[in-house]
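Dear colleague,

Please find below the sequence and the structure that I am handing over to you. My notes on what was found follow directly after them.

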Amino acid sequence: MIRHSHHNHSASIRMTFILWLLTFVSISFGAHEVSARDAQLVADLSENSVSIESDFHGTELLLFGAIDGMQGDDIIIVVRGPDVKIAQRRKSKVAGIWINVETNIWTKTPSFYQILATRDLAKIADEDTLQTLGVGAHNLALQIAPEKDPIETGLPMPTVNGMVGELTANMSKIGLWGAKVDTITLKEGALFRSVIDLPSNVLSGLYDVRIIHMRDGMVLSEDNASITINKGGLSATIYNMAHQYSFFYGLFAVIFAIAAGWLAAALFRKK
Amino acid sequence: MHIGIIIGLGGGVGFLSGLFGVGGGFLMTPLLIFFGVPPVVAVATEANQIVASSVSGVLAHMRRSNVDFKMGTILLIGGVIGSTLGVFLFALLRELGQIDLVIKLSYVVLLGIVGSLMLAESVRAILRTRQPGAARGKLHQHNWLHGLPFKMRFRRSKLYISALLPLGIGAFVGVLAAIMGVGGGFIMVPAMIYILGMPTAVVVGTSLFQIIFVTANVTILQSVQTQTVDFVLAGLLLFGAVIGAQFGTRAGAKLRGEQLRGLLALMVIAVCVKLGFDLALHPASLYSVELLK
């Protein structure tokens with residue numbers, strides 16, 4: 001297992017290289033006739049925890065892996081962050097200005113959802129396969145919380161058709177969701193590498209990484225890995241203080257301001 | 001947001017507040033919004049910064065005993081009530097997804113009024129200097145407001161008026177402090193002169209005294225209710241503002257008042273128009289998202 005760590009202070013971007021434990025099953029033994037049955041993908045993370053510091057402007061995770069495949073095979077990598085509730089608001093023009101007129105609350109929705117693939121998902125597999133795999137935001141069975149209890153009122157659950165597209169557009173804009181094709185390079189049908197962008201607004205928590213090996217629109221193998229992201233450093237500490245000890249945080253902010261104001265007056269007092 | 005931009009913004013607004021003797025909260029909050037700070041964070045953080053600038057301001061006025069503590073106490077009781085209500089209203093509007101709109105609309109209305117009044121005043125002042133001998137109006141007149149109950153004597157201000165008046169003014173300004181992240185001096189000072197009839201010398205010191213407590217109350221309540229106070233941002237803005245204000249004060253001593261006030265009025269109106277225009281402009285996306293926990 002080899003691990004490289006490179007610190008680039010000027011760019012303030014920390015590159016964390018994650019090397020996969022490469023398990024070559026039969027490459028060196030000349031597997032010329034690889035059938036779907038014995039095609040394998042075995043991967044492991046050498047580092048399963050990423051600490052993000054206060055000067056965080058985003059991090060890139062470099063993924064390496066190996067499959068027992070052949071030329072023309074495809075790989076899909078899905079990175080999913082911790083689930084949250086998301087409020088999605090729709091604006092409409094009222095009396096000449098744009099006002100939020102409707103709010104949808106999405107329940108148990110991934111805060112981070114990135115898909116990486118060797119090429120366009122539609123070329124890798126058909127929609128039914130992707131749906132079975134649960135790949136793509138529209139295949140996640142996301143739900144909007146009903147305004148009233150559906151059991152009490154007998155009303156159906158709100159429909160999400162069309163709304164997932166809007167949610168995807170919004171989440172992509174803030175860099176948390178996305179699908180990036182041609183972002184995995186697969187060499188000789190055996191070695192692959194890709195880069196996952198983690199923007200500065202990612203949440204702390206457990207991130208699930210799915211690696212799917214595809215051939216001719218069929219799944220050959222799949223592996224899972226996980227990364228724990230911890231936001232450390234000063235700004236994360238302050239953020240945690242503000243949320244966990246909010247009264248003392250406010251009190252401190254006031255005391256700090258009084259001291260700063262007094263200091264400024266003392267420094268610039270007219271003689 | 002880059003640290004240099006934040007300090008520069010603090011310095012620029014600090015310079016203007018030193019130059020014109022205004023608090024600057026009503027300019028800083030919209031500017032922070034223009035630079036992409038979420039309106040809720042801009043408002044709560046500005047309240048935090050104003051605590052500091054009011055403390056340094058009030059110390060100078062206390063040395064000259066230009067603070068009417070009794071009047072200030074009645075104003076601040078009103079202010080604490082008003083700002084407490086304001087923060088609860090703020091939290092409610094935030095839950096409804098309407099807080100950004102209310103903040104921006106309040107600014108459009110307030111900056112529009114303040115800007116046009118200031119512009120009219122400075123135009124009149126410029127005309128007056130050209131036409132010497134123009135009569136000044138009476139400072140204040142007795143009206144129904146002076147017939148209200150709970151009369152109190154304010155020795156420092158040489159007034160015998162109903163306590164309900166400063167209480168009401170304080171409460172109104174307190175609501176503004178909570179929703180808009182302003183000290184409210186630009187409303188309180190004219191109200192103290194024209195409605196209460198306080199002597200001009202004690203007005204600024206007394207209003208600063210009240211603003212400290214009201215913005216401190218807003219800072220703590222916003223921290224508890226909405227977690228939108230960013231004291232690092234407040235500290236950086238303050239750092240820039242303290243330096244900027246020193247240069248502003250020096251520059252103000254050398255420059256002519258009326259033209260400068262006219263210029264400030266035009267800036268206030270420009271900010272108001274920009275905010276209003278952004279509200280009317282077709283948004284890039286009709287949908288917006290917010291991650292809830």
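To begin with a term needed throughout: a residue is called buried if 20 or more other C-beta atoms lie within 10 Å of its own, exposed if 12 or fewer do, and partly exposed in between, the C-beta atoms being placed from the backbone. The model is a predicted one, in which local features need pLDDT of at least 70 and side-chain atom pairs count only at pLDDT 80 or more, while totals for chains, interfaces and linings use all residues. Residues are numbered from 1 along each chain as its sequence is written, and chains are lettered from A and ligands numbered from 1 in the order in which they are written.

Two backbone positions

A:Asp182 has a positive phi of about 55° although it is not a glycine. For context, most residues other than glycine have a negative phi. A:Asp182 lies in the loop between strand 10 (177-181) and strand 11 (184-187) of chain A; helices (H or I, at least four residues) and strands (E, at least two) are DSSP runs, numbered from the N terminus. With 10 other C-beta atoms within 10 Å, A:Asp182 is exposed.

In chain B, B:Gln227 likewise is not a glycine and has a positive phi, of about 50°. B:Gln227 is placed in the loop between helix 8 (200-225) and helix 9 (231-254) of chain B. B:Gln227 is partly exposed, because 19 other C-beta atoms lie within 10 Å.

Strand 12 (residues 191-198) of chain A has a covered face made of A:Phe192, A:Ser194, A:Ile196 and A:Leu198. The uncovered face of strand 12 consists of A:Leu191, A:Arg193, A:Val195 and A:Asp197. Two strands are said to pair if DSSP finds at least two bridges between them. Strand 4 (residues 59-66) of chain A pairs with strand 12 of chain A in the antiparallel sense over eight bridges, and A:Leu63 stands opposite A:Ser194. Strand 11 of chain A is also antiparallel to strand 12 of chain A, over four bridges; the bridge partner of A:Lys187 in strand 12 is A:Leu191. Strands 11 and 12 of chain A form a hairpin with three residues between them, and A:Glu188 in the turn has a positive phi of about 55°.

Chain B as a whole

Chain B has 10 helices and three strands, which run α-α-α-α-α-β-β-α-α-α-α-α-β from the N terminus on. The radius of gyration of chain B is 19 Å, close to the 19 Å that the globule rule gives for 293 residues, so chain B is as compact as a globular protein of that length. This radius is taken over C-alpha atoms, and the rule is 2.2 Å times the number of residues to the power 0.38. Along the principal axes, the C-alpha atoms of chain B fill a box of roughly 55 × 45 × 35 Å. Of the 293 residues of chain B, 48% count as buried.

Helix 1 (residues 3-20) and helix 9 of chain B pack at an angle of about 35°, with their axes 5 Å apart. Axes are lines fitted to C-alpha atoms, for helices over the stretch in contact, and angles run from 0 to 180 degrees between N-to-C directions.

The contact between the chains

Two residues are in contact if their C-beta atoms, placed from the backbone, lie within 7 Å. The contact takes 39 residues from chain A and 39 residues from chain B. Helix 6 (246-267) of chain A is among the elements that each supply at least two residues of the side of chain A that touches chain B, and helix 6 gives the largest share of that side, 15 residues.

A sheet also spans the two chains. Strand 6 of chain A and strand 3 (residues 287-292) of chain B pair in the antiparallel sense over six bridges, with A:Lys85 opposite B:Leu292. The open sheet has four strands in the order 9(A)-7(A)-6(A)-3(B), with antiparallel pairing. Strand 9 (143-144) of chain A and strand 3 of chain B stand at the edges, each with a single partner strand, so one side of each is left without a neighbour in the sheet. Two bridges join strand 7 of chain A to strand 9 of chain A, and the bridge partner of A:Trp106 in strand 9 is A:Ile144. Helix 4 of chain A packs on the sheet, and its direction makes about 75° with that of strand 3 of chain B.

With kind regards
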